[in-house]
Amino acid sequence: QQHEAPRRVKRAWVIPPISVSENHKRIPHLLVQIKSDKQQPGGVIYSIKGPGVDEEPLGIFSIDKFSGKVFLNAMLDREENDRFRLKAFALDLGGMTLEDPTDLEIIVVDQNDNRPLFRQDVFTGHVVEGAEPGTCVMTVDATDADDPDTDNAAVRYSILEQGAASMFSINATTGEICTTRPGLDRETMGVYNLTVQAADMSGDGLTTTATAVIYLEDINDNPPEFTKEEFSMEVEEQAAGVDVGKVFVHDKDLAGSPNWLAKFTILEGDPEGAFAIRTDPYTNDGVFSVAKPLDHEVRDRFELTVSVQNERPLEPMAPASPRALATVRVRVRDVNEAPIFRENPRRISVLEGAPPGTPVTTYTASDPDTRQLQTLTYALLYDPADWLQLDPHAGTIRTKRELLHPSAFLQGGWYIALVLARDDAEPPLSATGTLSIEILEVNDHAPLLQLLAGVVCGRPGRGGSLLLGATDDDRPPHGAPFHFQLSPQHPQLARNWSISRFNVTHAVLAVLVELPEGPYSLPLLLRDSGTPPQERQQLLNISVCHCGRDGTCEDGVLAAATAGAGITLGALLIILGSSILLLALVGLGAARVRGRRRALRKGLLQRSQDDMRDNILNYDEQGGGEEDQDAYDINQLRHPELFPPRAKPPVRRDTPLSSATPPAPRKLPSSPSDIEDFINEGLEAADSDPSVPPYDTALIYDYEGSGSVASPLSSIVSSLTDEDQDYDYLSEWGPRFRRLADLYG
């Protein structure tokens, strides 16, 4: 027989949610007792885990491990934690699990412990003045940290204070503020400050306040007005661009806005536009200024009608202003004004070569001050050529000297002078007038041939023509074109010669029949194109040469000697060839003369009878005079017997033109021992050269300083005695040797 163990009924290990109010002050507070039916009482150990126990926030809940009682150990705040979810455990005394862990949920019940809070302390809104009732301006907003599902967070709005007018209302649920009645006027009250309240518990709980500031936006509902009906000003005449005065206006609209900014218009009294008016952007006043210079003598008073309005159009509902128009009276003060040259510059014309004293013009100014007795005087301020003279009282200008052309003082044929006009006021004023004088060209010069001689080939056709040119000192239109013709007084010239036009300044002279060689003189008549025309008869010298095959003159030297710029091409080639040949001959002759002079400068020295000799220096080496002992040895000159003599060359006596051409320049001695040979060769060259001066002419070699121990070389003889020479032939050499002939002849 089997015995069944007794079966126990299993109970649920379930704990329902536990509610506890926040801010509970009785601590510790028993929340619940948990039990397990798996063991007898005293055989179970209980524990809990989770937020508020072993997790943050710590220490809020605790449990009696033997009885299973759960306690609240701290005050709760629903706004921080609205519920706690814990785990409950049941263990035997040996630590073995008796039950599966179960959930323990603790719900924190809300209390109305938070006031509503506005999102900002001051709310700002804008609405235009004159807005219709019901126009919403702004919305205020508040929050409550309490449970939104309870009346603790049910917020309601209200306006506590807004002034006596009560122009605004607020929606209690949404917080939207709107206008309630018409009559918002920015000029009366531009800003409204409202005190707004928010209360929970549907308006019966905790409360808080904020400020709502409402600004009225300006519209142009007020026209600008002049502060008075008439304004008076005065200004000096001739003043332009200066401010005269101000007209003052007042506008109730917002300063600085387009609704406030004024715009002025001159309606009457200024048809010429002499005045202008602008708005001062800081004061909104109208500033009068002079746009055109005023003349007291023409008009001394102005009465102007001025209107004012805003930059932005006026609102239709705005009333019209009775002070939108004003009268401005301006008086023009008389001041001294400078004279005026009505014609400036004055342009006149004067004939070239006008004699001194010729009237030029009367250049006067006028004085604008017709109501003042003033006298004008005149002076020449600028007259660079000093050509003019001016009457200081009448302003009459005459020539002081003859006006010449061309002149450095003329600019394109015009002479510029400046005239100064001055009044006698205090202080005096002056004006400057420009006088432009055109110097008219006069045809006072006849044309001139450029060249008066030429060469042509005596055969008609090729080579038998000559290009003629002419010039004229007159300027156009009194110059070219020129007219060339053979003199009408010699009609027979037309049988042999003809003249045809080449251009406006040149003509071609041609041979009509074959002419014999020789000189010809052709009288030509030249005439310009001036008014009246000037003409001149000139003689043209023509050399007719023998024609070559190509139509050029064969005698090139003759052509070169007689022809000028007006020659044929063949003659020009002959002249060029002859010139080149002549230059070559001149160069060769100059080189030969330089060679002879160089030989002459080497000196004509020979032994003399006295022994007063010194160093003979080669000056190409720049020797040192008496103190230079490094040149030639003086002993070779003082003791020639110690050196082998050479044959003495023949000595020229009195026939300098009978010798042959001297040899080419000799090479300088290379050592002092050759000095005697060098001197002898120089003497021989001098005796044999027919182109050297008379024998006894002193030749200057160089200055060797003063105090020489040697005798002066006043005469270097080429023979033993002077008596052997005959100098009678010097008198036949012409006047250049007359003095020498008197000394030695």
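## Aromatic pairs and a cluster

Two rings of Phe, Tyr or Trp, the last counted by its six-membered ring, are a pair if their centres lie within 6.5 Å. In this predicted model, Phe226, Phe231, Phe248 and Phe264 form one aromatic cluster, and the structure holds twelve aromatic pairs. A pair of aromatic rings is described by the distance of the centres and the angle of the planes.

## Phenylalanine 61 and phenylalanine 84

The ring centres of phenylalanine 61 and phenylalanine 84 are 5.1 Å apart and the planes stand at 75°, so this pair is edge-to-face, given that planes over 60 degrees apart count as edge-to-face. Distant parts of the chain are linked by this pair, since phenylalanine 61 belongs to strand S4 (residues 61–63) and phenylalanine 84 to strand S6 (residues 83–92), 23 residues apart.

Phenylalanine 61 has a relative accessible area of 3% and is therefore buried, and phenylalanine 84, at 2% relative accessibility, counts as buried too.

## Phenylalanine 341 and tyrosine 363

For phenylalanine 341 and tyrosine 363, the ring centres lie 4.7 Å apart with the planes at 45°, so the pair is tilted. Phenylalanine 341 is found in the loop between strand S25 (325–333) and strand S26 (346–351), while tyrosine 363 is found in the loop between strand S27 (359–362) and strand S28 (377–382), so the pair ties together parts that are 22 residues apart in sequence. Both phenylalanine 341 and tyrosine 363 are buried.

## A lysine over a ring

Lysine 49 lies over the face of phenylalanine 89, at a distance of 5.5 Å from the ring centre.

Definitions and conventions: Residues numbered from 1 in each chain as written. Predicted model: local features only at pLDDT ≥ 70, side-chain atom pairs only at ≥ 80, totals over all residues. Heavy atoms only, no water. Phe/Tyr/Trp six-rings, centres within 6.5 Å; stacked < 30°, edge-to-face > 60°. Helix = DSSP H or I, 4+ residues; strand = E, 2+ residues; numbered from the N terminus. Buried < 20%, exposed > 50% of the residue type's maximum accessible area, 1.4 Å probe, protein only. Lys NZ or Arg CZ within 6 Å of the ring centre and 35° of its normal.
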